[in-house]
Amino acid sequence: MTTAPAPGPAGPRGLDLERLRGHLDRVRPGLVGGPLCGRLIEGGRSNLTYEVTDGSARWVVRRPPLGHVLATAHDMRREHRVVTALRDTAVPVPRTVLLCEDDAVLGAPFYVMEFVDGVPYRTAGELTAIGPERTRRAVLGLVDTLVELHAVEPESVGLGDFGRPEGFLDRQLRRWGKQLAASRGRELAGIDELHGALGGALPASPAATVVHGDFRLDNVLIGGPDDSIRAVLDWEMSTLGDPLTDLGLLVMYSSDLGLGDSPVSTTSAAPGHPRPAELIERYAARSGRDTGSIAWYTAFAWFKLAVILEGIHYRYTLGQTVGAGFDRIGELVPVFIEHGLTTLQDRQDHPVRQEG
């Protein structure tokens with residue numbers, strides 16, 4: 001459960017409560033019943049998320065980071081659109097309240113949605129605290145929710161033009177290759193080999209679905225007596241594309257990094273956490289999709305995270321990133337590269353879904 005923010009006239013940076021209240025009163029008169037107070041919800045890696053309350057009701061405000069320059073990377077209209085489109089499907093999402101694209105209100109576009117009670121489990125330690133049975137239930141529920149997402153017909157919810165599925169994997173690989181080139185400040189053994197091997201073995205994508213783009217345990221809220229998925233959050237990377245990219249990322253985050261105390265970790269060490277092979281089998285059985293090429297998708301996830309971490313390390317070396325743990329990010333990149341190479345070289349570890 002999340003505690004409500006303490007009352008106060010001033011909001012956190014990036015959230016002008018007086019202007020927000022004025023906008024809500026104009027667009028949704030009667031929605032707010034008293035003075036607003038708010039707090040920044042910690043844990044977001046990109047877009048900023050705030051909890052706001054009038055003392056009786058609670059909402060969430062999402063906006064781009066302060067000083068952002070790439071609007072396409074923090075597209076509030078896109079996030080609002082996909083969350084709104086999915087509200088009457090089996091995919092649990094918060095109900096949206098409004099979208100504001102007028103920078104005069106908060107200095108950037110933003111949207112408001114309902115507040116959903118639940119816990120985002122981010123580490124193996126947090127899962128260990130709830131015990132093996134609840135951990136297993138939560139992680140398997142994550143797989144089932146992914147199946148539900150990929151079962152949504154994009155056209156049926158107004159998302160038929162939400163992306164360009166043709167050539168999706170090739171574009172993704174080129175995109176992350178460009179990201180790597182832009183943050184290259186040192187030699188990284190194996191990174192070009194991994195990129196080249198992925199490009200030389202592109203699988204044939206199944207029919208396109210809505211993909212989340214960053215589907216993992218700490219991007220969902222879990223709650224209730226059954227530890228069900230109450231809401232899927234952080235849709236900023238969503239699009240139409242290859243559904244197995246979501247599964248590959250989930251498998252990566254459920255794999256053992258082989259590291260102890262690390263600023264970047266997976267949840268696999270928690271007692272009761274299902275092994276990657278079980279997650280793949282469950283997804284295949286429930287979705288009916290062939291997962292025989294999942295090693296490629298998992299290796300791509302390792303590559304993508306290696307590039308992201310190298311970008312963080314590069315900015316740290318330039319003095320542009322400050323905070324605990326950033327000095328250790330650089331040493332993790334070779335670990336992710338090695339996992340990617342190993343995954344590609346050992347494709348027989350994962351079962352192939354047999355139809356029928």
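Which residues line the largest cavity?

Guide: The lining consists of Arg62, Glu79, Val83, Pro94, Tyr111, Met113, Val232, Leu233, Asp234 and Trp235. The model is a predicted one, in which local features need pLDDT of at least 70 and side-chain atom pairs count only at pLDDT 80 or more, while totals for chains, interfaces and linings use all residues. Residues are numbered from 1 along each chain as its sequence is written, and side-chain values use heavy atoms, with hydrogens and water left out.

Rolling a probe the size of a water molecule over the atoms shows where empty space is left. A cavity is a set of points on a 1 Å grid over the protein atoms alone where a 1.4 Å probe fits but cannot get out, and a lining residue has an atom within 4 Å of a point. In the whole structure, the search finds one cavity of 30 Å³ or more. The volume of the largest cavity is about 30 Å³, taken as the space filled by probe spheres set on the points, which are joined across faces, edges and corners.

The lining of this cavity has seven nonpolar residues, no polar ones and three charged ones. Here Ala, Val, Leu, Ile, Met, Phe, Trp, Tyr, Cys and Pro count as nonpolar, Asp, Glu, Lys and Arg as charged, and the others, Gly among them, as polar. Helix H2 (76–85) and strand E5 (110–114) each give at least two residues to the lining. Helices (H or I, at least four residues) and strands (E, at least two) are DSSP runs numbered from the N terminus.

One of the lining residues, Asp234, deserves attention. Aspartate 234 sits in the loop between E8 and strand E9 (239–241). Its phi is near 55°, a positive value in a residue other than glycine. Most residues other than glycine have a negative phi. With a relative accessible area of 23%, aspartate 234 is partly exposed; buried means under 20%, exposed over 50%, and partly exposed in between (1.4 Å probe, protein chains only).

Aspartate 227 belongs to the loop between strand E7 (220–223) and strand E8 (228–232). Because its relative accessibility is 4%, aspartate 227 counts as buried.

Strand E8 itself contains isoleucine 229. This residue, isoleucine 229, is buried at a relative accessible area of 11%. Leaving out residues up to four places away in sequence, isoleucine 229 touches Pro92, Ala138, Gly141, Leu142, Thr145, Val220, Leu221 and Ile222, where contact means heavy atoms within 4.5 Å. The C-alpha atoms of isoleucine 229 and threonine 145 are 7.5 Å apart, although 84 residues separate the two along the chain.

The view now passes to helix H5 (residues 132–151), whose axis comes within 10 Å of that of helix H9 (residues 276–287), the two crossing at roughly 40°. Axes are lines fitted to C-alpha atoms, for helices over the stretch in contact, and angles run from 0 to 180 degrees between N-to-C directions. The crossing of H5 and H9 is right-handed, meaning that the near helix is turned clockwise from the far one by less than a right angle; if anticlockwise, the crossing is left-handed. H5 contributes Arg136, Val139, Leu140, Val143, Asp144, Leu146, Val147 and His150 to the contact, and H9 contributes Glu278, Leu279, Arg282, Tyr283, Arg286 and Ser287. These residues of the contact of H5 with H9 comprise seven nonpolar, two polar and five charged.

Another helix pair has the other handedness: H7 and H11 cross in a left-handed manner. Helix H7 (residues 191–199) and helix H11 (residues 333–345) pack at about 35°, and their axes are 9 Å apart. Ile191, Glu193, Leu194, Ala197 and Leu198 of H7 meet Ile337, Gly340, Leu341, Leu344 and Gln345 of H11. Seven nonpolar, two polar and one charged residue make up the contact of H7 with H11.

Finally, these parts belong to a chain with 11 helices and nine strands. Of its 356 residues, 49% count as buried. Among contacts in the chain with a separation of 6 or more, 71% join residues 24 or more positions apart.

Key: 1 Å grid on protein atoms, 1.4 Å probe; cavity = no way out; pocket = protein on both sides within 12 Å on 5 of 7 lines; lining within 4 Å.
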